[in-house]
Amino acid sequence: MSKRTRTAPPESLKLGRQFLAATIVREAVNIADRTVELAFSSEQPVERWWGIEILGHGQGEADLGWLSSGRAPYLVDHDTGQQIGVISRAWIGNDAKGRALARFGTSPRAEQELQDCAAGIRVNVSVGYQIDELTLVEMDGDPDDDGDQDATYRAKWTPLEISNVAIPADMTVGIGRAAAGDDVREIPVIATRQRNKGTENMETVEQKAERLERDRVQREESERLERTRVELTTATAEATRLERQRVADITALGTRHNKGPLAAEHIAKGTSLEEFRGVMLGAIEPGKALETSRADLGMSDKDAKAFSFLRAMQAQLNPREASRIAPFELEASEAVAKRVGRQAKGLFIPLDAQRVPLVDVQGRALSVGTAAAGGYAVATDLLAQDFITLLRNRMMVRAMGATMLTGLVGNIAFPKQTAAAAFSWVAEASAPSESDQTLAQLTMSPKEAMGYTDYSRLLMQQSSLDVENFVRSDLASVIALGIDLAGLHGSGSSNQPTGIASTSGIGSEAGGTNGAAPVWANLVNLETDVAAANADVGAMGYLVNAKTRGKLKQTLKNPSGTDATMIWPDVAGPAPGFGMLNGYKAGVSNQVSAALTKGSASGVCSAIFFGNWADLLIGEWGVLDVLVNPYTNATSGGIRVHVYQSVDVGVRRAASFACMLDALSG
């Protein structure tokens, strides 16, 4: 090797563009994305004509600004006339190596190089870079031997391009390329404390340890900053996604109810979807559903009728044959799962299929062996249309005008004002007393409602009765009745929603210490309680049970007078199933309890409800979920079908309702 340095290091060196070789790992080539990830530099010492070069990879030593700009070229043999792609990004890895992601272009030459890289043929790369500053870090060798010493320099440097090359060699010595004269730059050399082997000027072990520790701290700080950058980028992307979703949901809700300008106004204000639901409740027609369920797939009547509960259950009993037995039902369930954002316990039943008119029949504990529990359904001359169904309570809460919130995802909260600012008259130059509105929230979260029916395998195979109607109607009715009852008498404990009767702050009318038969004054007082709170607007009406209606039909408005008018007159209501009471519609359902207790009147008191039923909110999360359980009754060959529905009930304004809970109707 020729002489490289003098005993005294130079103050500067005239250097052109430098090149350093590397190798592509074949597995790093991604044909689909047309990219290759490669390591193009390290701190491995490289011998140059002017000394030993170490490319610095510490903080501030490698300027990757150009290489990370997305415009740095990916070349062939460092020939600027043969660009085959660009460098997408570059970084210093945890292993103190320079790494880059190169993306191939679409030219014929770029395609050829990509395929050759993937095939392991063109695997050599070289980085072209310029040195910005050299720091002399070591002088090795005994100057008395031949007057020469080996100088080691640490470089601050800037990578300029990366190339696919055929020969991985030091391009500065003339293999395939020579540096242009005007590319030569004068590089300053910073002289540090020289290290001479065998002399007292050698870098001490302690100094080296300090230098390595500084490098480690710098790398860790760089990694921390990179992690912070990634976290901020991720958080920004998520915030953008949520904002787009908010705008889309509010726009859809406003459009659905022809309230586009109102939606645009609240999008601009930054109103959340939950708050906008509260705004919409006051803007839409009382009793109208606020949402269209995500479980409604928009099926045609033909498809809705073609959906079979029976096939859906048989598919669960035979998982291996499920795709053959019920392909349409499985596809519909998956579509619902995607829309509601969760997986079914068994199979989701789209609302389209639940709306198909069916025979309302009962299917509890059915078996062919017992005549009264299913055997009667097996006779060859059975007429399905003559099947005697179970008499059920009438579901009236929705008919009274309750507001439905369907297709919900996550807990919801409606802001509400519970007190107004005060008004006062003041003297001239005096200030009024400060007062503020009082705000609160109505929160609703899903409560799991569940029911089940048992029936036998043999019944499913032999019965001439429409088992489809049997199961479909019964399970849907059980869940619907449970939700209806919760709206009135849900306790708010033991996983139940809070119904009207258990809501704090509603108006109350008491009959007596031990209850009392309802009289005209009681019904008027219920109306007065609501009106006195300025809540007598919207879907106003009474709801009683059959016993109370019978009692009121036999009770005079004024027992001491000559008028023979009964409290419940013989007048038709606004719709079938309704009567008229005190000038308001009056519904009748045995969902209204007749088994309440007041004092010594144990289990015999009835409830009477009055109010604006549009302020009763019923929220539904998801859709009817059917799970077939062949194990619980396996010893008897029975099958149990479970149904699940996530719901909650909330009273938007407690003052909108009043009730009497001690009416004696016997």
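## Helix 4 and helix 5

In this predicted model, helix 4 and helix 5 (residues 273–281) pack at an angle of about 145°, and their axes are 11 Å apart. Helices (H or I, at least four residues) and strands (E, at least two) are DSSP runs, numbered from the N terminus. Axes are lines fitted to C-alpha atoms, for helices over the stretch in contact, and angles run from 0 to 180 degrees between N-to-C directions. The crossing of helix 4 past helix 5 is right-handed; a crossing has this hand if the near helix is turned clockwise from the far one by less than a right angle, and is left-handed if anticlockwise.

From helix 4, Leu262, Ala263 and His266 meet Phe276, Val279 and Met280 of helix 5. Contact means heavy atoms within 4.5 Å.

## Leu262

Leu262 belongs to helix 4, which spans residues 260–269. Leu262 counts as partly exposed because its relative accessibility is 21%; buried means under 20% relative accessible area, exposed over 50%, and partly exposed in between (1.4 Å probe, protein chains only).

Apart from residues up to four places away in sequence, Leu262 touches Phe276, Val279, Met280 and Ala283.

Asn164 is found in strand 11 (residues 150–165). Asn164 counts as buried because its relative accessible area is 0%. With neighbours within four places in sequence left aside, the contacts of Asn164 include Ile24, Tyr74, Asp77, Phe104, Glu113, Cys117 and Arg122.

Gly98 lies in strand 9 (residues 98–104), and its relative accessible area of 0% makes this residue buried. Beyond residues up to four places away in sequence, Gly98 touches Leu38, Ala39, Phe40, Ser41, His57, Trp91 and Ile92. The C-alpha atoms of Gly98 and Ala62 are separated by 8.7 Å, while the two residues are 36 residues apart along the chain.

## Cysteines

Cys117, one of the residues in contact with Asn164, is buried at a relative accessible area of 0%. Cys659 also counts as buried, at 4% relative accessibility. The count of disulfides, taken as pairs of cysteine sulfur atoms within 2.5 Å, comes to zero.

## The protein as a whole

The protein has 14 helices and 26 strands. Of its 666 residues, 43% are buried. Among contacts with a separation of 6 or more, 72% join residues 24 or more positions apart.

## Confidence and conventions

The mean pLDDT, the predictor's confidence in each residue from 0 to 100, is 78 for the protein, and 76% of the residues reach 70 or more. Over residues 142–147 the pLDDT is below 50, and this stretch has five contacts in the model beyond near neighbours in sequence. Residues 169–182 also stay under 50 in pLDDT; for them the model has 18 contacts beyond four places in sequence.

Residues are numbered from 1 along each chain as its sequence is written, and side-chain values use heavy atoms, with hydrogens and water left out. As this is a predicted model, local features need pLDDT of at least 70 and side-chain atom pairs count only at pLDDT 80 or more, whereas totals for chains, interfaces and linings use all residues.
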